[in-house]
Amino acid sequence: MVEAPLAEGIVARAIARGVLDVRVHDLRDFTSDRHRVVDDVPFGGGPGMVLKPEPLFAAVDRIEQDRGKPDAVILTSPDGERLTHGAAERLSRLDHVAILCGRYEGVDERVRQHLATEAISIGDYVLSGGELPALVIVDALARFVPGVVGDDASVARDTFARGLLDFPQYTRPAEFRGHAVPPVLLSGHHAEIERWRRREALSRTLERRPDLLDAARRGGLEPEDEAILAELLDERRAGGVRKP
Ligand code: SAM
């Protein structure tokens, strides 16, 4: 479940080039009974099973012996800190991160209290296991590691990087089923293309994620962006709201 996605795309290429090193550990390898059991019934009763503490503690002990103490031990959990652009960027600055995947009804609380250094959620919904969240965390933080994405400028321009959504992208053909690409993109006029992109990013953020725009303005937008925003707000007041 975890290895196949790591064998594809940008993350796989970064691993092949030695820019990233991702190891996958099977908790059953850290059990001591014949059936390699990793779960048990909850104390106090109730439905489902609970992931036992021993295999997780033993797995992190082994990681520490082999590769040194991780800078962070992240428990994937729906009640953890929400994974955001900022959280992924923070984690990408750490050299060595261990990610623990829960299963069943959840994980023995002593893992959260005495092993994990933090808990991360990938959103307000419950998945059946921590494997997909772990992959999401790896992918999101890997994009910030220098050399992982071919063109670092593309990461700097991505949605959320400036606190704004990304501008729309088009490729060939210039006309498809009667839908034309915005003419400015074919003009070859770089300054105009740049201004159009800024305007589109601001306009989309205003329409779709005004909460992000408020935060970006508090952090200080560039004067040119403030000027474009003033234009957009004037257009809105004049009734020229475009469909998102
Ligand atoms: N009973 C738990 C609860 O209500 O919070 C749900 C446990 S869930 C079925 C099993 C495991 O999947 C969790 O221990 C966690 O590792 C992982 N998981 C599920 N949803 C997640 C999310 N939104 N973010 C991160 N991890 C999640």
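Predicted model: local features only at pLDDT ≥ 70, side-chain atom pairs only at ≥ 80, totals over all residues.
Two or more lining residues come from each of β3, α5 (109-114) and β5, and β3 gives the most, with 5 residues.

What takes up this space? The second largest pocket is where the ligand sits. Around the ligand you can find 20 residues, and the closest are Thr76, Gly102, Glu105, Tyr125 and Leu127. This shell divides into 9 nonpolar, 9 polar and 2 charged residues. The strands β3 (72-82) and β5 (118-121) each supply at least two residues of the shell, with β3 giving the most, 3 residues.

Now look at the backbone around the ligand. A backbone N or O atom of Gly102 lies 2.9 Å from one of the ligand's oxygen atoms. A polar backbone atom of Tyr125 is 2.8 Å from a ligand nitrogen atom, and a polar backbone atom of Gly129 is 3.5 Å from a ligand oxygen atom. On its own, the ligand has 590 Å² of accessible area, and the protein covers 81% of that.

Finally, turn to the largest pocket, with a volume of about 1,100 Å³. It is lined by 40 residues, and Val22, Arg23, Val24, His25 and Ile99 are the closest to its centre. The helix α6 gives the most to this lining, with 6 residues. The lining of the largest pocket divides into 26 nonpolar, 4 polar and 10 charged residues.

Methods. Residues numbered from 1 in each chain as written. Heavy atoms only, no water. Near = heavy atom within 4 Å. Polar contact = N/O pair within 3.5 Å; in protein donor to acceptor, adjacent residues only side chain to side chain. Areas by Shrake-Rupley, 256 points an atom, 1.4 Å probe, with all protein chains shown as cover. 1 Å grid on protein atoms, 1.4 Å probe; cavity = no way out; pocket = protein on both sides within 12 Å on 5 of 7 lines; lining within 4 Å. Sits in = over half its atoms within 2 Å of the grid points. Helix = DSSP H or I, 4+ residues; strand = E, 2+ residues; numbered from the N terminus. Nonpolar A, V, L, I, M, F, W, Y, C, P; charged D, E, K, R; others polar. Points joined across faces, edges and corners; volume = space filled by probe spheres on them.
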